[in-house]
Amino acid sequence: MSYRIAAIPGSTKEDSTHLRLLKVIQLDFHDVTFDIYTGISNLPHFNPDHDRDTPHESVRSFREKLRSADAILICTPEYAMGVPGTLKNALDWTVSSAEFYEKPVALITASTVGEKGHRALMETLLIMGSKIAPDAHTIISSIKSRAPGGVPDPAARTTMQKVVRSLIEEIHRRKIAEKKTA
Ligand SMILES: Cc1cc2nc3c(=O)[nH]c(=O)nc-3n(C[C@H](O)[C@H](O)[C@H](O)COP(=O)(O)O)c2cc1C
């Protein structure tokens, strides 16, 4: 069975820790296709007036990437005790189109502290209808020392693997259930 996961780094820095962590995950689960979306900073500012039938091309393609994935993985820092604005903007573009609705989602908040941002993002994802298993989200604090240069220490790596494994198990369960009803 093939699995496709759309992965979003919540930091828009060119070589962010979060992008690097997603690349480590990509290596650890090489039999899974990770489609890492680095374009959240190209999305326009969300405006309900522009959330119409023919959205901006970047919005259309972002939505399509999410829709075609079996699951979504977000790896993000906390900014100013909340969700990074660019990531929240991207999520706002999916409220009406509902790409997160009923989708298996995993969240890794990798930050200096991260608790408030994590909590806020969980609330956003859950209100959008994401299915987040108890093991499919975690906070890795002190990320600069736990993953210098974006290379996670063994414990952080194991923590990330546990989250991703939980996500893959949920995809697997769904595929089996779909097969049975087909
Ligand atoms: C504008 C800004 C605000 C930040 N605010 C927080 C914060 O509230 N809590 C926190 O844990 N880390 C905060 N950080 C630190 C980030 O956690 C840290 O930059 C990031 O996890 C490290 O990855 P990077 O430097 O590769 O982006 C902030 C960083 C920036 C740039």
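Colleague: Which hand does the crossing of H1 and H6 have?

Modeller: A crossing is left-handed if the near helix is turned anticlockwise from the far one by less than a right angle, and right-handed if clockwise. The H1–H6 crossing is right-handed. This is a predicted model, with pLDDT of at least 70 needed for local features and 80 or more for side-chain atom pairs, while totals for chains, interfaces and linings use all residues. Numbering starts from 1 along each chain as its sequence is written, and side-chain values use heavy atoms, without hydrogens or water.

Colleague: At what angle do H1 and H6 pack?

Modeller: Helices are DSSP runs (H or I, at least four residues; strands are E, at least two), numbered from the N terminus. Axes are fitted to C-alpha atoms over the stretch in contact, with angles from 0 to 180 degrees between N-to-C directions. H1 (residues 17–28) and H6 (residues 154–181) pack at about 70°, axes 11 Å apart. That makes H1 roughly perpendicular to H6 (65 to 115 degrees; under 35 is roughly parallel, over 145 roughly antiparallel, the rest oblique).

Colleague: Which residues make the contact?

Modeller: Contact means heavy atoms within 4.5 Å. H1 brings Leu21, Val24, Ile25 and Asp28, and H6 brings Arg157, Met160, Gln161 and Val164.

Colleague: How do the axes of H3 and H4 cross?

Modeller: For H3 (residues 85–92) and H4 (residues 115–127), the axes come within 11 Å and cross at roughly 5°. So H3 is roughly parallel to H4. Leu87, Lys88 and Leu91 of H3 meet Leu121, Thr124 and Leu125 of H4.
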